[in-house]
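Welcome! Open your viewer and get ready to click along.

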Amino acid sequence: MPLFDVYPLTDITIAKGDGAYVWDDAGTKYLDLYGGHAVISIGHTHPHYVARLKDQLSRIGFYSNSIRIPLQDELAAKLCLVSGREDYQLFLCNSGAEANENAMKLASFHTGRKQIIAFTKAFHGRTSLAVAATDNRSIIAPVNQTANVVFLPFNDVTALQEYFTKNAREVAAVITEAIQGVGGIHAATDEFLRAIRSLCDEYDAVFIADSVQDGYGRTGKFFAHDHSGVHADIYSMAKGMGNGFPIGGILIAPHIKPKHGMLGTTFGGNHLACAAALAVLEVMQIEGLMRNAAEVGAYMMERLQQIPGLEKVRGRGLMIGFDVPEAHKDLRQELLLKHHIFTGEAKPSVIRLLPPLNLQRADADLLFTAIHASISAEAVLD
Ligand code: PLP
């Protein structure tokens, strides 16, 4: 039976990983600056993570949400502490799309309203409401099309104010990433995030911070929205949360009240997933990974900005993007096939760097050497 062919694949089979490196089945070593799509937060096969998961699996891997799971309380307590959202509540699920789906559904339950404001170039996932709030027509099936989602221009405070003024009591939620990932590493301005906060306050709407890609310490603070000094009402999380073990969740402000049966999931918050998420937070704390993300990220930005030929180097912490001009359009492929460095991309011509948060300067240096070599080789050929 063939696999349903939806992914354009790179012909490499990864056989093992360690820290910021992976090896293919022929033994070739690669530097992983893609982190399996921003997922590997504490590094591949971190010994503490492996030990905690093995230990948990040998006790019990799964039981349903119909019984007490103290690991969920332990995770909630740790998350509150590390994220600085001490009075927030936690609901656990399995992925980023599911986290956003639950966040928007909860906002609608809470406000009794239907309308969601999303922004141009946003990506929030592929489930029904999450994909409807994603600005990419090619992945929205006819059944997902809904007038309940309105797209406004990203970073346009005036358009947002005007919309709220005209539709005063219809908006359930505003959802945005602080740094658009799939959209090409574009940051919301402080002014824009603050305007969302104050308009949601004024009109009793819910501010949802999609922190699936830019959250969990990647930018040097736990949530990328924290850099602007605003608190959201709901934070969605996934990717780095389980370092590869599927887990997602939402952090919910205390004024949003739960009701039995309002949200639910079979797998969300199972024993193994909680053990993975706890291991991630423990390593993040012990190894100071948020500080490392800020420091190594700043170093990488500075070095990349010095490379002639790369344009608009941008981002924060270990979430970095730059434009690749037409003359070097094969750079990403060259980095992978010639220099054995994985990077991410955003269409049409952005290279995205989303490495593990324990990346060291010496690892990053391999990238600069490789880019220099590729760009100067192309210059000679020209
Ligand atoms: N939100 C953002 C900002 C994302 O980048 C992604 C995935 O790339 C998602 C949501 C969806 O997450 P998942 O693929 O885990 O459903």
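Predicted model: local features only at pLDDT ≥ 70, side-chain atom pairs only at ≥ 80, totals over all residues.

Residues are numbered from 1 along each chain as its sequence is written.

**Stop 1: the ligand.** Select the 14 residues around the ligand; Gly96, Ala97, Gly125, Val212 and Gln213 come nearest. A residue belongs here if its C-beta atom, placed from the backbone, lies within 6 Å of the molecule. Now colour helix H4 (residues 96-111), which gives the largest share of this shell, 3 residues. Helices here are DSSP runs (H or I, at least four residues), numbered from the N terminus.

**Stop 2: two helices.** Next, select H2 (residues 47-59) and H8 (residues 271-286), which pack at an angle of about 155° with their axes 9 Å apart. Axes are lines fitted to C-alpha atoms over the stretch in contact, and angles run from 0 to 180 degrees between N-to-C directions. Because of that angle, H2 is roughly antiparallel to H8 (angles over 145 degrees count as such). Where do they meet? On the H2 side, look for residues including Tyr49 and Leu53; on the H8 side, Ala275 and Ala279 are among them. Contact means C-beta atoms, placed from the backbone, within 7 Å.

**Stop 3: one residue.** Finally, click Gln333 in helix H10 (residues 331-337). Is Gln333 buried or exposed? Gln333 is exposed, because 12 other C-beta atoms lie within 10 Å, and 12 or fewer counts as exposed, 20 or more as buried, and in between as partly exposed, with C-beta atoms placed from the backbone. Then find Leu367, 34 residues from Gln333 in sequence and 13 Å away in space, C-alpha to C-alpha.

Definitions and conventions
Parallel < 35°, antiparallel > 145°, perpendicular 65-115°, else oblique. Contact = placed C-beta atoms within 7 Å.
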